[in-house]
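Here is a short briefing to read alongside the model. Take a moment to get oriented in the viewer, and then follow the topics below.

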Amino acid sequence: MDSDLEREEQCDVVVIGAGAAGLVAGSTLAEATDVVVLEAALRPGGRVESVRHGDYWLNVGAQFTEGAGPLFDVMDRYGIERGSLAGRKAALYLKGRMVTTDSPALLLLRSRMSLAAKVELARVGLRIRRTHARMFSKNARVASEARARLDQESGAWLMKGVRTDEMRDLFRAWSGQWIGCDPEETAATQLTFSIGTALEKAAKVPNFALPVGGNQSFTDALAADLGDRIRLGAEVTSVTWGDDLVTVQYSGTKGPTRLTARRAIVAVPADRALAIMPGLPAEQRAALDAIEYGRYVLAGVFTSEEGPQRWDDYFGVSTPDLSFQMVFNHAAALRGQGPRRSGGALVCLAGGSRADELNKLTDEEIEATCVRDLLVLFPELEGRIERVVVKRQPRVVSYWRSGTRSTSQQTLRKPLGPIWFAGDYLAAPSLAAAAESGHRAATKLLQSLGAEAAR
Ligand SMILES: Cc1cc2nc3c(=O)[nH]c(=O)nc-3n(C[C@H](O)[C@H](O)[C@H](O)COP(=O)(O)OP(=O)(O)OC[C@H]3O[C@@H](n4cnc5c(N)ncnc54)[C@H](O)[C@@H]3O)c2cc1C
């Protein structure tokens, strides 16, 4: 492309990517400076996406909100109502029996696992609980030593001594359903964090909730407020920078554009940042290169059953011996508030190698497979399936191979000249972490502009 034909634009700060991190960064900056947010897709939100249908919605991106920080501050600011999942339960469905996982004793007593698998489950469960407690010890030295040690181990370490296929499948399902990868692909830190948190009672997970209308209510509110400061369909192809200037080239609806700004926040997934920043120094390149993403295949199902159902009280059911590994009940957040409305919304999902298998099928085959198995789990839904939404998600949360996480995060939390990075990979990956990273990058960036003005 002849550069003479490019449009030229200027602004104070450019944010690249309008996922949770980029939107929170954009909204924090908009109060103080002239900001433009560039988003390659035709919708804002990135990995936050919801589908609405009648009284219900399905999250086909981020499933739940949990944690603390700017994510919740923003939802409070926009008055986004949340249905708490604190009183809801999780269950395991195995060999035709559903047992709550909230009570380890009941799980061991009632589940249809072989005795050998039950002994292994008890051992692995205790190991995860112990390591999780150390990771979150009030003694900072104990916590940091535990994290450093677990960072060096692969997730398969947590399965030491396991011989039965039943326990291997269950553990693989937990890893797939929470991170979207197989246990040996990630470090033990993240697997301990995800499974350990899931083994807690839902009431102990801070702010465990489902925003009414879907998680997209959060990103929609931010995007509406940013208005025409967001350019949709604006795919950034290159980012170059000097000491105090960033040049961004993007292809937008008005043709190729060269935008110059004093500062930038790069809020795209790690592999995308590598692709658009060819001039990255070796340290940042290695840090981004270490980040991997889990993958999911989901089938969201809107149903039309009448009256109370036995799954109303469960937010999720692990299903290691079905084609998907988990069913999340998005309608659980609405139950217990007034009379039960007819219908519901369930998401069947598979991660890691189970997702790779489903990914070989057409959308129609995925739908047929998931509906068949959902009817094995809940035969009451026969004739009650209204609509199915199939979604392939190549990026769920980020994860790291053993030995790379802390160096990668430390490097990317530092600015690179006039550029800050933001994304879920800067902390224990989650929607809350993505929002926090955007807020942090924007705050640090504004401090640097303030310091420059004072010089
Ligand atoms: C199916 C699924 C389930 C999940 N479940 C949970 C959960 O239960 N709880 C939880 O806390 N988290 C969950 N997550 C993770 C959570 O959604 C993410 O951690 C978070 O949304 C990441 O936000 P982000 O802004 O860092 O990245 P993204 O949302 O990926 O945003 C990056 C944006 O950059 C844009 N972009 C990329 N390249 C370019 C380019 N060249 N030019 C311009 N724009 C570009 C993308 O289109 C995207 O909009 C889930 C994710 C998925 C997919």
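**Sheet, helices and hairpins**

L92 stands opposite V99 in strand 7. That pair belongs to strand 6 (residues 89–94) and strand 7, which run antiparallel and share four bridges. Please keep in mind that this is a predicted model.

- Seven strands make up an open sheet with mixed pairing, and their order is 7-6-15-16-17-14-18.
- Strand 7 (97–100) and strand 18 (385–393) are the edge strands; each has a single partner strand, so one side of each has no neighbour in the sheet.
- From one strand to the next, the twist averages 20 degrees.
- Helix 12 (residues 363–377) packs on this sheet, where it touches strand 6, strand 14 (296–303), strand 16 (326–329), strand 17 (344–351) and strand 18.
- The direction of helix 12 makes about 120 degrees with that of strand 18.

**Helix 4 and its contacts**

- How do helix 4 and helix 5 cross? The axes of helix 4 (residues 115–135) and helix 5 (residues 140–152) come within 7 Å, with a crossing angle of roughly 125 degrees.
- That angle makes helix 4 oblique to helix 5.
- On the helix 4 side of this contact are T131, R134 and M135, which meet V142, A143, A146, R147 and L150 in helix 5.
- Sorted by class, the contact of helix 4 with helix 5 holds five nonpolar, one polar and two charged residues.
- Helix 4 also packs with helix 7 (residues 188–199), at an angle of about 105 degrees and with the axes 9 Å apart.
- Helix 4 is therefore roughly perpendicular to helix 7.
- In this second contact, G125, I128, R129, T131, H132 and M135 of helix 4 meet T192, F193, I195, G196 and L199 of helix 7.
- By class, the contact of helix 4 with helix 7 has five nonpolar, five polar and one charged residues.

**Two hairpins around strand 11**

- Strand 10 (residues 235–241) and strand 11 (residues 246–252) run antiparallel and are joined by six bridges.
- Four residues lie between strand 10 and strand 11 in their hairpin.
- Which residue in strand 11 is the bridge partner of S238? That partner is Q249.
- Strand 11 is also joined to strand 12 (residues 255–266), again antiparallel, by seven bridges.
- The hairpin of strand 11 and strand 12 has two residues between the strands.
- S251 has P256 in strand 12 as its bridge partner.

**A UniProt annotation**

- An unreviewed UniProt entry lists E39, A40 and V236 under "binding site".
- These residues are spread over 198 residues of sequence, yet they cluster in space, with a largest C-alpha distance of 7.9 Å.
- E39 sits in the loop between strand 2 (35–38) and strand 3 (50–53).

Notes
Residues are numbered from 1 along each chain as its sequence is written. This is a predicted model: local features need pLDDT of at least 70, side-chain atom pairs count only at pLDDT 80 or more; totals for chains, interfaces and linings use all residues. Axes are lines fitted to C-alpha atoms, for helices over the stretch in contact, and angles run from 0 to 180 degrees between N-to-C directions. Angles under 35 degrees count as roughly parallel, over 145 as roughly antiparallel, 65 to 115 as roughly perpendicular and the rest as oblique. Two residues are in contact if their C-beta atoms, placed from the backbone, lie within 7 Å. Ala, Val, Leu, Ile, Met, Phe, Trp, Tyr, Cys and Pro count as nonpolar, Asp, Glu, Lys and Arg as charged, and the others, Gly among them, as polar. Two strands pair if DSSP finds at least two bridges between them. UniProt positions are given in the numbering used here, feature names are shortened, and annotations may be inferred rather than shown by experiment.
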